[in-house]
Amino acid sequence: MVDCPINKFKVWWQESQIDSPLNQKSAVCVSTIDKSGFPSGRFVDLKSVSDEGFVFCTYLDSAKGKQILHNAKSAVTIWWDHVGYQIRVIGHAEEVSEAQADAFWETRTRSAQLTTTAFDQSALLESERLLATRLKKASMQFDGGPIPRPQNWGGYIVKPVSIEFLTFRESRLHLRELYTRTDGCWEKQLLQP
Ligand SMILES: Cc1cc2nc3c(=O)[nH]c(=O)nc-3n(C[C@H](O)[C@H](O)[C@H](O)COP(=O)(O)O)c2cc1C
């Protein structure tokens, strides 16, 4: 499809990576909804994009994981200042398969695997000192051996129902292209800036 928003996303993502001044080049804001109905946003690394949706990895029992379990409605928001692109995705988040989670786990560095294993994301931390203590404990536990994926770590795919692309213009005449998916087909409309 010529005017497919997923292809457009891939092109913009690629473009954003060229000579990018960003340290975290794939950071995107994922928003979920808490039990009180408040939106809750935080940055995560976007791992992959396909016709199915937008994938990120995290702890399944983190605050965001619990929120998704309660309400799958989610958003992914991006602003790439150096190219002037804003992207807003809304959709439903679903857990990726165990096999996919394993594959993402294998792409992590040993240091990232260790850190992931050492903590219960979103749980209270009694003191900053415990950051080093818990990491050391995890390091001794695995003692140079392979680190298996914790059962509470995996990925989510946000399956989009709409994607809006905004091309920023200094004139404020931003181009806003909204793609909405109905019955598997994408429809495109322009929005006023
Ligand atoms: C640039 C950046 C990238 C991050 N990437 C991830 C990530 O891929 N997965 C993740 O669980 N947390 C990531 N974090 C930490 C999250 O922002 C957040 O603190 C954590 O996921 C806990 O969120 P929660 O308590 O709402 O579940 C990242 C933070 C930053 C600033």
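Which residues does the UniProt annotation "domain: Pyridoxamine 5'-phosphate oxidase N-terminal" cover? The points below take up this matter and then the rest of the model, which is predicted.

1. According to UniProt, in an unreviewed entry, the annotation "domain: Pyridoxamine 5'-phosphate oxidase N-terminal" covers residues 17-138. In the predicted model this span is 31% helix and 37% strand. The C-alpha atoms at the ends of residues 17-138 are 34 Å apart.

2. **Overall architecture.** The protein chain contains five helices and eight strands. Their order along the sequence is α-β-β-β-α-β-β-α-α-α-β-β-β. Taken along the principal axes, the C-alpha atoms of the protein chain fill a box of roughly 55 × 40 × 30 Å.

3. The protein chain has 193 residues, of which 39% count as buried. Its accessible surface is about 11500 Å², and carbon and sulfur atoms hold 53% of that surface. Among contacts in the protein chain with a separation of 6 or more, 60% join residues 24 or more positions apart.

4. **Composition of the ligand shell.** The ligand is surrounded by 13 residues, and the closest are Arg-42, Phe-43, Thr-58, Lys-64 and Ser-122. By class, the shell holds five nonpolar, five polar and three charged residues. Strand β2 supplies the largest share of the shell, with four residues.

5. In the side chain of Arg-42, an N or O atom lies 2.8 Å from an oxygen atom of the ligand. Cys-57 places a backbone N or O atom 2.9 Å from a nitrogen atom of the ligand. For Ala-63, a backbone N or O atom is 3.3 Å from an oxygen atom of the ligand. Taken alone, the ligand exposes 620 Å², and the protein buries 64% of that area. Two or more residues of the shell come from each of β2 (39-50), β3 (53-59) and α2 (63-70).

6. **Ser-122.** One of the residues closest to the ligand is Ser-122. Where does Ser-122 sit in the chain? Ser-122 belongs to the loop between α4 (110-118) and α5 (129-142). Although Ser-122 is not a glycine, its phi is positive, at about 80°. Most residues other than glycine have a negative phi. Ser-122 counts as partly exposed because its relative accessible area of 49% falls in the range between the cut-offs of 20% and 50%.

7. **Asp-183.** A positive phi also occurs at Asp-183, with a value of about 50°, although Asp-183 is not a glycine. Asp-183 is in the loop between β7 and β8 (185-191). Is Asp-183 buried or exposed? Its relative accessibility is 77%, so Asp-183 counts as exposed, the cut-off being over 50%.

8. **Ser-16.** Helix α1 (residues 5-17) contains Ser-16. Ser-16 counts as buried because its relative accessible area is 2%, and the cut-off for burial is under 20%. When residues up to four places away in sequence are not counted, Ser-16 touches Trp-80, His-82 and Val-83. Ser-16 and Lys-136 are 120 residues apart in sequence, and their C-alpha atoms are 37 Å apart in space.

9. **Arg-176.** Strand β7 (residues 175-182) holds Arg-176. With a relative accessible area of 16%, Arg-176 is under the 20% cut-off and therefore counts as buried.

Notes: Residues numbered from 1 in each chain as written. Predicted model: local features only at pLDDT ≥ 70, side-chain atom pairs only at ≥ 80, totals over all residues. Heavy atoms only, no water. Near = heavy atom within 4 Å. Polar contact = N/O pair within 3.5 Å; in protein donor to acceptor, adjacent residues only side chain to side chain. Areas by Shrake-Rupley, 256 points an atom, 1.4 Å probe, with all protein chains shown as cover. Nonpolar A, V, L, I, M, F, W, Y, C, P; charged D, E, K, R; others polar. UniProt positions renumbered as here; feature names shortened; annotations may be inferred. Buried < 20%, exposed > 50% of the residue type's maximum accessible area, 1.4 Å probe, protein only. Contact = heavy atoms within 4.5 Å.
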